[in-house]
Amino acid sequence: MELSETEVRSRHIRPAIVAARWEDRQIREEVYFTDGRMIVRGQMSMRGQRKYADFLLYHQTNLPLAIVEAKKNTLGVGAGMQQALAYAEALDIPFVYSSNGQGFVEHDRTATTGPVERHLALSDFPTPAELWQRYQRWKKYTPTEEVAVLSDYHYEREGRQPRYYQEVAINRTIEAIARGQKRILLVMATGTGKTFTAFQIVHRLWKAGQKKRILYLADRNILIDQTMTNDFRHFQEVMTKVTHREVDKSYEVYMALYQGLSGTEEEQNIYKHFSPDFFDLIVVDECHRGSAAADSAWRRILEYFGAAAQIGLTATPKETKDVSNIDYFGEPLYTYSLKQGIEDGFLAPYKVMRVRLDIDATGYTPESGALDRYGQALPDVAFGVSDFDRTLVIDERTVAVARRITEYLAQTSPYHKTIVFCVDIEHAEGMRMALVNANPALVAESHKYVMRITGDSPEGKRELDNFIHPEERYPVIATTSKLMTTGVDAQTCHLIVLDTIINSMTEFKQIIGRGTRLREDFGKRFFTILDFRDATRLFEDPDFDGEPVQIIEVDGDHPLPTTKETNGGYAAGGDGELPPGWDEDPQPIRKYYVDGQPVEVLRERVQYRAGDGRLVTESFEVFSRHNLLQAYGSLDKFLRRWNEAERKEAILAELLEQGVLLDELMEASGVALDPFDLICHLAYDQPPLTRSERAQNVVKRNYFGKYSGTARQVLEGLLEKYAARGIESMESALDGGSLRTLLQLPPFDQLGTPVEIARAFGGAQGLMAAVRELEEEIYRAA
């Protein structure tokens with residue numbers, strides 16, 4: 001008998017696992033571990049498919065030992081192995097199994113000699129004790145190491161649970177520290193929960209008695225305060241923040257700023273009030289800053305406590321000739337990149353709009369002997385885009401940028417939180433003024449609609465909490481220089497504007513990280529980058545791992561393409577306090593001020609990312625056609641794939657992953673086409689039929705002539721549902737549970753109970769066969 005994957009799992013695989021003495025607490029079935037990539041095209045965004053493991057088997061809740069991938073019984077026993085191996089690699093699972101219900105294929109990822117894969121009968125599935133023994137032989141844990149490795153997570157009822165990549169990072173770090181490794185680097189993209197990961201590591205080691213005194217170091221108050229209030233709040237009774245250069249040695253967890261522990265004078269170096277072996281674990285937040293330079297005063301704090309295990313956390317490890325995280329901490333123990341976070345659906349994808357102003361393209365060369373606004377003689381040199389607002393200020397250029405920002409927000413939502421990154425504080429102030437003048441009605445509602453939030457502005461810094469708070473409408477637009485590049489958890493940020501030259505990959509990644517939080521419950525499904533200085537060229541650098549969803553170049557005086565979204569968001573707060581020198585402009589550079597220079601924009605061009613990563617200039621329809629041809633090639637190949645597919649929804653899911661959004665294409669066509677006809681018409685220029693036409697053709701061919709009574713009425717009802725709602729309604733009828741539900745709805749409920757209806761087809765199997773045959777008949781002409 002042909003069995004579906006679900007039936008194979010319930011009838012054969014789970015009983016075999018239970019028979020091998022695995023307890024219910026050790027077995028998890030259908031474990032989803034990604035959220036599904038957020039796919040953005042034009043004005044549409046939707047989730048791709050989530051990844052899930054059919055079975056995960058645990059030694060205990062924090063330690064998975066095996067993964068089992070199930071396939072229907074018409075496929076080979078090892079048909080699921082390659083998929084299972086990919087999942088096992090992501091989840092850090094040593095023992096991998098594939099099954100079609102007739103046996104198992106085992107892949108031992110711990111094996112370095114001898115056979116790696118073997119066949120097993122259903123009755124020979126390994127017991128928990130056997131796999132744990134094999135795992136121990138591979139790891140060779142000492143009793144002390146085993147205590148640390150088996151320490152459990154901190155769980156809260158209905159609270160936050162570690163995601164799969166956090167579990168991997170936590171488990172690897174616990175093991176490394178238990179084995180005596182002193183320096184560890186974890187690289188995790190902004191928005192992926194570095195602090196939560198650090199808390200779980202610290203809690204497990206502390207609870208197991210492996211580490212008793214912990215120091216958490218950062219360079220900004222906002223980072224310390226957010227950490228104490230949020231993820232580390234469970235340490236409240238044993239935790240303190242080092243302030244006013246006072247030391248109390250009665251606590252177990254210490255939160256401190258570098259600058260609070262050290263200073264230019266020896267008496268300010270209060271870290272020396274602790275003995276060098278006082279702390280046995282140190283967590284260094286944002287380790288690419290502060291202590292990253294070998295000759296920095298802050299590095300000496302880490303060297304003083306060199307006997308402690310030290311964990312460096314960063315989204316952007318820094319590697320220059322003067323600064324190296326890897327030189328100090330070693331190669332990353334675990335990396336979870338922005339690209340992977342977007343692929344898994346845990347981070348927001350982004351669109352890029354590149355705006356080219358005419359003056360940026362041509363530059364500005366003053367006439368000989370010309371004077372600036374203040375009577376300064378203008379030098380006889382050509383000024384380019386890298387000079388604007390740094391050495392030459394053209395107010396009209398700032399006004400043009402503000403006008404474009406206002407235009408974009410008017411087309412999406414005037415209340416979408418926006419960060420505008422400027423050249424320096426003076427530029428940020430000029431941008432604030434230009435945006436105020438561009439939005440008089442909104443500023444009349446609240447003078448805080450636009451605020452300059454920079455290190456020198458107490459008023460602006462006081463508004464930082466309000467800017468990132470989910471329930472606070474104002475400020476909406478923040479103009480800044482350096483202050484908001486990092487440490488600002490702005491989950492509501494829909495728009496990032498770049499009007500400054502950026503050459504540092506580290507700084508660029510940090511800025512992009514301001515928008516990567518996903519908050520679907522508040523309408524934040526993606527964000528937009530509006531680039532006026534070609535800073536987004538760094539996306540094309542091999543060092544950047546998160547490719548843009550869509551790039552739009554704007555070189556013309558046309559409205560910007562936009563995507564409608566709902567308003568809202570969520571973020572945690574902070575006080576915006578800065579370490580010395582941060583966000584302060586360098587030594588004043590002589591500037592010239594030019595008035596009366598007209599600034600315009602040129603033409604508009606839209607680019608999409610092709611399957612091979614290239615940016616191509618074409619319409620969404622052409623882009624979709626290209627992806628369809630790339631996926632299937634000829635019409636014959638597509639027809640074979642369509643006819644061979646047991647469930648047509650599998651093909652639609654494939655297309656969704658390719659970035660082909662059939663719903664949007666259907667809406668653009670204005671006709672109720674079947675997905676099959678839409679694809680054939682778009683990719684292969686075939687004349688399309690509407691769903692109604694396909695249904696009428698089935699009737700014209702007298703397909704129902706061989707049925708009578710209840711059976712005929714049921715099939716005619718299903719055909720009517722197809723014509724009205726599409727192939728998805730037919731597909732749902734091919735699932736036993738969904739079919740029973742369907743038959744209990746009008747008009748089928750008037751024909752009898754599901755059992756009585758099935759009897760008209762000679763039983764449930766006959767009913768399912770008739771539904772499949774009807775689906776084939778719908779596409780028979782093709």
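Lysine 140 counts as exposed, at 63% relative accessibility, and this residue of the predicted model sits in the loop between α3 (128–139) and α4 (143–149). Its phi is positive, about 55 degrees, although lysine 140 is not a glycine. Aspartate 534 likewise has a positive phi without being a glycine, here of about 60 degrees, and is found in the loop between β22 (527–531) and β23 (550–556). Because its relative accessibility is 38%, aspartate 534 counts as partly exposed. A further backbone feature is the cis peptide bond that joins tyrosine 474 and proline 475, with omega at about -5 degrees; proline 475 belongs to the loop between α17 (464–468) and β20 (477–480).

**Overall composition and confidence**

The protein contains 29 helices and 26 strands, and of its 782 residues 54% are buried. Among contacts with a separation of 6 or more, 73% are between residues 24 or more positions apart. The average pLDDT is 82, and 84% of the residues score at least 70. Confidence is highest in strand β6 (residues 95–99), with a mean of 97, and lowest in strand β25 (residues 603–609), with a mean of 46. Over residues 558–584 pLDDT stays under 50, although the model has 112 contacts beyond four places in sequence for this stretch; residues 603–617 also stay under 50, with 56 such contacts. Where pLDDT is low, the predicted coordinates should not be read in detail.

**Two open sheets**

Six strands form an open sheet of mixed pairing, in the order β1-β4-β5-β6-β7-β8. At its edges stand β1 (27–32) and β8 (117–120), and each has a single partner strand, so one side of each is left without a neighbour in the sheet. Direction ignored, neighbouring strands of this sheet are turned by 25 degrees against each other on average. Strand β7 (residues 104–108) runs antiparallel to β8 and is joined to that strand by four bridges, and histidine 107 has glutamate 117 of β8 as its bridge partner. Helix α1 (residues 5–19) lies across β1, β4 (52–60), β5 (63–70), β6 and β7, and runs at about 15 degrees to β4.

The other open sheet described here has seven strands with parallel pairing, in the order β11-β12-β10-β13-β14-β9-β15. Its edge strands are β11 (239–241) and β15 (334–336), each with a single partner strand, so one side of each lacks a neighbour in the sheet. From one strand to the next the twist averages 15 degrees. Strand β10 (residues 214–218) pairs with strand β13 (residues 281–284) in the parallel sense over four bridges, and within β13 it is valine 283 that stands opposite tyrosine 216.

| Strand pair | Sense | Bridges |
|---|---|---|
| β7 (residues 104–108) and β8 | antiparallel | four |
| β10 (residues 214–218) and β13 (residues 281–284) | parallel | four |

Helix α5 (residues 164–178) lies across β9 (183–188), β13, β14 (309–314) and β15, running at about 175 degrees to β9. The helix has 15 residues and reaches 21 Å from its first C-alpha to its last, close to the 21 Å expected at 1.5 Å a residue. Because 14 of the 15 residues of α5 are buried, the helix is largely enclosed by the rest of the structure. After α5 comes glycine 180, whose phi is positive, near 100 degrees.

The largest nonpolar core has 89 residues, of which Ile67, Phe232, Tyr350, Met484, Leu498 and Phe508 touch the most other members. The element that gives the most to this core is α5, with nine residues. Apart from it lies another core, of 39 residues, including Ala645, Phe704, Tyr722 and Val771.

**Isoleucine 67 and tyrosine 87**

Neighbours within four places in sequence left aside, the contacts of isoleucine 67 include Ala53, Phe55, Leu56, Ala84, Tyr87 and Ala88, as well as Phe95 and Tyr97. Tyrosine 87 is placed in helix α2 (residues 81–91) and is buried, with a relative accessible area of 12%. Residues up to four places away not counted, tyrosine 87 touches Phe33, Lys51, Tyr52, Ile67 and Glu69. Tyrosine 87 and isoleucine 67 are 20 residues apart along the chain, and their C-alpha atoms are separated by 8.2 Å.

Key. Residues are numbered from 1 along each chain as its sequence is written. This is a predicted model: local features need pLDDT of at least 70, side-chain atom pairs count only at pLDDT 80 or more; totals for chains, interfaces and linings use all residues. Side-chain values use heavy atoms; hydrogens and water are left out. Buried means under 20% relative accessible area, exposed over 50%, partly exposed in between (1.4 Å probe, protein chains only). Contact means heavy atoms within 4.5 Å. pLDDT is the predictor's confidence in each residue, from 0 to 100. Two strands pair if DSSP finds at least two bridges between them. Axes are lines fitted to C-alpha atoms, for helices over the stretch in contact, and angles run from 0 to 180 degrees between N-to-C directions. A nonpolar core is a set of buried Ala, Val, Leu, Ile, Met, Phe, Trp, Tyr and Cys residues joined through side-chain atoms within 4.5 Å. The expected span of a helix is 1.5 Å times one less than its number of residues.
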